[in-house]
Amino acid sequence: MSTMDYSELFPKIQAKFKFTAGENIVSIYEVVLLEGWVKTSRILSLIENCGSYGFFVFNVFRGSAGISDILIDYAFPVNNEFKIDVVSEDADISVTVTFRKVKLLFEMMTSEKTKSFISELHKISEISAEKENSLDFAWLSKYVNEATYGRSAEDNSQNSEVNGQLEDLPTGSELMVPRHSIARGTTPIAGRESAVRYQMTLKEKDYTYTQSIRIFVGTWNVNGQPPTVSLSDWLSVDPDPPDIYAIGFQELDLSKEAFLFNDSPREEEWLGAVILSLHPKGKYSKVSLVRLVGMMLIVFVREQHVAYIRNVATDTVGTGIMGKLGNKGGVAVRFDIHNTSLCFVNAHLAAHVEEYERRNQDYRDICSRISFPKFLPPKTIKDHDQVYWFGDLNYRITELDAPTVKRLIETNSYDAILVYDQLKQNFKAERVFEKYKEGRILFKPTYKYDTGSDEWDSSEKNRAPAWCDRVLWKGDKIKQICYRSHAELKISDHKPVSALFDSEIRVIDAIKYRKIHEEVMKKLDRLENEFLPQVMVDTTEIIFDKVHFLEAQSKDLIIANTGQVPVQFEFIKKLDDSSYCKDWLHIEPYMGFIMPGEKCDVKLEIYVDKRSACELNSSEDNKLYDILVLHLEGGKDIFITVTGTYVYSCFGMSLDLLSRINVPIREITKAELRNLEKNNDYRQSDPYAIPKEIWFLVDHLYRNGMKQHHLFEQPGLHAEVLLIRDWLDLGVPEHLRILCHC
């Protein structure tokens, strides 16, 4: 990812798209966008106008002089249909942004700036969801029309407003690899894990099928009573056993100890009563139990589903005294079953008829404060495929007195009463439970009864009966089978309520999944191979002739770029080696950059000097041998062998060894030399006082150089040095004339 100068970008975006008064860039961040198999650099931005936010994806084009152009790829309103999901893996963070049926995957480097941007995006998304009804996104229309991908055919033909009119946008799942990326010298194929994850997400419908499971949701405010009766008339009244039980209690324990220490014997008592009353035709395992003071939520699943339950997490939120304590609030359990995420929320909202605004606020607080920190960033209630919200929500009947309500109940005129139900009124006004559903109520109010009877409240308060205990849900493909109360249970001033659902969940077909995963991997392999750096070398074996001391030899190696992307090559050192080649070998250039269709000529030169001659003379044989590793950045390594035969010389030999040899060095074999070094003996028992080669040089200078002016002041010719080498190594006729100036 390149580094973007945001200070330069801000004014250019504002100028290009002619921002109007009130439009402000809140946040901006450079990311990598993964579209299909392709990764490209993009700029994400949050733009605010009068409290509403737009999420923008900009494509910024850079030239030699800086930013040359800016285009809008996508422009989404940040509303209830805007969702983000974050997955953290090692050094990278993957962020999926979903708007309706459009799903975009971005990659970011893990950093404080990344975390800050994601946190701000989450915060704005939550605030926007709460204020959905008061937000105006009409200002986004002009940007949607500017967007390259972020508008539908209908949006292109007519200038429609953004509010509710954005149609399905293209996902870009099969985009071709852009050639301009190749020309810029970048490898456009996305990271392997990201590409596979993204492709499998796009193809999810091809390897999943829906399976209907039955979910039982129950809620009961037990008014601090112990379980003195069987719960079968509540939990197992249906002929068939449910697949999942989600059972919520309120006012489990009203003692001071439970409030102060969150410890209560009622927990085990009611858990035991529930287990004894689960449907006799099913075998169940407990998924989780979570409790906050008197609120308790227990989730069971049938044993055949246990293997498919993953990522179980719980959380609690107190909204009671001072808005924090646990006498009121919510508890939640979430988990994944197969490929579908479920969240169950059991709540006990503020009491008293007139406190409906406080109940609304409790709902909002639970929504914003419930989180599951095992995910990064933590998931919230809204980040699930299906949500079931239930409990003693405490909404009452207003504008009707108790006698009127009771009279209407006697004639089963529930709809006439529900017109004045606070939850229905606030729901209709979209103040709470936006996007949730509730089944039709065909049962008597569940509060308030005289304990131990079916008689309405006979206390001095004479409260009007109300449906305080409710079950709501949100998500696709959920069908409510029944919604009822259970008047047979009379130990509390509330009646228990239950709802039965047939829920369709996504199940992975293992065979189809493996097949599609294999196809994705094969396609990715093909693309990676296509865009891997690829070169051809004219040979992988470079053979030199006989190599003499101080006599250079060179050969050329041709590296041709036969691939579709630029190649950065370098000869690298092998394991435990200090250099990429032997001392006697030189490579020029040893690294370089080759554009597609071009080639590079590399010169390999062997030159044995006084530093390397000694090592070669003492080797087991006289073979020159090295293996070169030609490394391609982002590609494979190519191995090239270099061989030759070194003709050993007296140069590089030890004086001690030379003083014990009375023939020219070339007249003895390498084996004899090795034996001489080991046995310290060769042809004569007494060595020369000095090596004969030194005597020959001094004698030649005495005979031919005594009258030479400025002796040793001028360098000798290289050809003459080679003649001296051959004379000493081979023994040459004495009449060979060599100038004495070296």
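A residue counts as buried here when its relative accessible area is under 20%. By that cut-off, buried residues make up 49% of the 742 residues in the protein chain. Please keep in mind that this is a predicted model.

First, the overall content. The chain holds 20 helices and 27 strands. If we take contacts between residues at least 6 apart in sequence, 67% of them join residues at least 24 apart.

Six strands make up an open sheet with mixed pairing, and their order is E10-E11-E9-E8-E18-E17. Which strands stand at the edges? They are E10, residues 284-292, and E17, residues 478-485. Each has a single partner strand, so one side of each is left without a neighbour in the sheet. On average, neighbouring strands of this sheet are turned by 20° against each other, direction ignored.

If you want a place to look, Trp-220 has Phe-249 in E9 as its bridge partner. Helix H10, residues 266-277, lies across E8, E9, E10 and E11. The angle between H10 and E11, which is residues 295-302, is about 30°.

Next, helix H11. H11 has 14 residues and spans 20 Å from its first C-alpha to its last, close to the 20 Å expected at 1.5 Å a residue. Its buried residues are Arg-359, Asn-360, Asp-362, Tyr-363, Asp-365 and Ile-366. What covers them? The cover includes strands E12, E13, E14 and E15, together with helix H14, residues 422-428.

Is Lys-382 buried or partly exposed? With a relative accessible area of 26%, Lys-382 is partly exposed, because a residue has to be under 20% to count as buried. The side chains of Lys-382 and Asp-383 are joined by a polar contact of 3.4 Å. Leaving aside neighbours within four places in sequence, Lys-382 is in contact with Ser-125, Glu-126 and Lys-474. Lys-474 is 92 residues from Lys-382 in sequence, while their C-alpha atoms are 9.2 Å apart in space.

Last, the aromatic rings. The structure holds 34 aromatic pairs. One of these is Tyr-29 with Phe-117, a stacked pair at 5.4 Å centre to centre with 20° between the planes. Tyr-29 lies in strand E1 and Phe-117 in helix H2, so this pair ties together parts that are 88 residues apart in sequence. Tyr-29 is buried, at a relative accessible area of 8%, and Phe-117 is buried as well, at 3%.

Another pair, Tyr-363 with Phe-433, is tilted, with 4.3 Å between centres and 40° between planes. This one brings us back to H11, where Tyr-363 lies, whereas Phe-433 lies in the loop between H14 and strand E16, residues 469-475, so the pair ties together parts 70 residues apart in sequence. Both Tyr-363 and Phe-433 are buried.

There is also a cluster linked by ring pairs, made of Phe-17, Phe-19, Phe-56, Phe-58, Trp-139 and Tyr-143. That is where I will stop.

Note on methods: Residues are numbered from 1 along each chain as its sequence is written. This is a predicted model: local features need pLDDT of at least 70, side-chain atom pairs count only at pLDDT 80 or more; totals for chains, interfaces and linings use all residues. Side-chain values use heavy atoms; hydrogens and water are left out. Two strands pair if DSSP finds at least two bridges between them. Helices (H or I, at least four residues) and strands (E, at least two) are DSSP runs, numbered from the N terminus. Axes are lines fitted to C-alpha atoms, for helices over the stretch in contact, and angles run from 0 to 180 degrees between N-to-C directions. Contact means heavy atoms within 4.5 Å. Buried means under 20% relative accessible area, exposed over 50%, partly exposed in between (1.4 Å probe, protein chains only). A polar contact is a pair of N or O atoms within 3.5 Å; within protein, one must be able to donate a hydrogen and the other to accept it, and residues adjacent in sequence count only if both atoms are side-chain atoms. The expected span of a helix is 1.5 Å times one less than its number of residues. Rings of Phe, Tyr and Trp (its six-membered ring) pair if their centres lie within 6.5 Å; planes under 30 degrees apart count as stacked, over 60 as edge-to-face and the rest as tilted.
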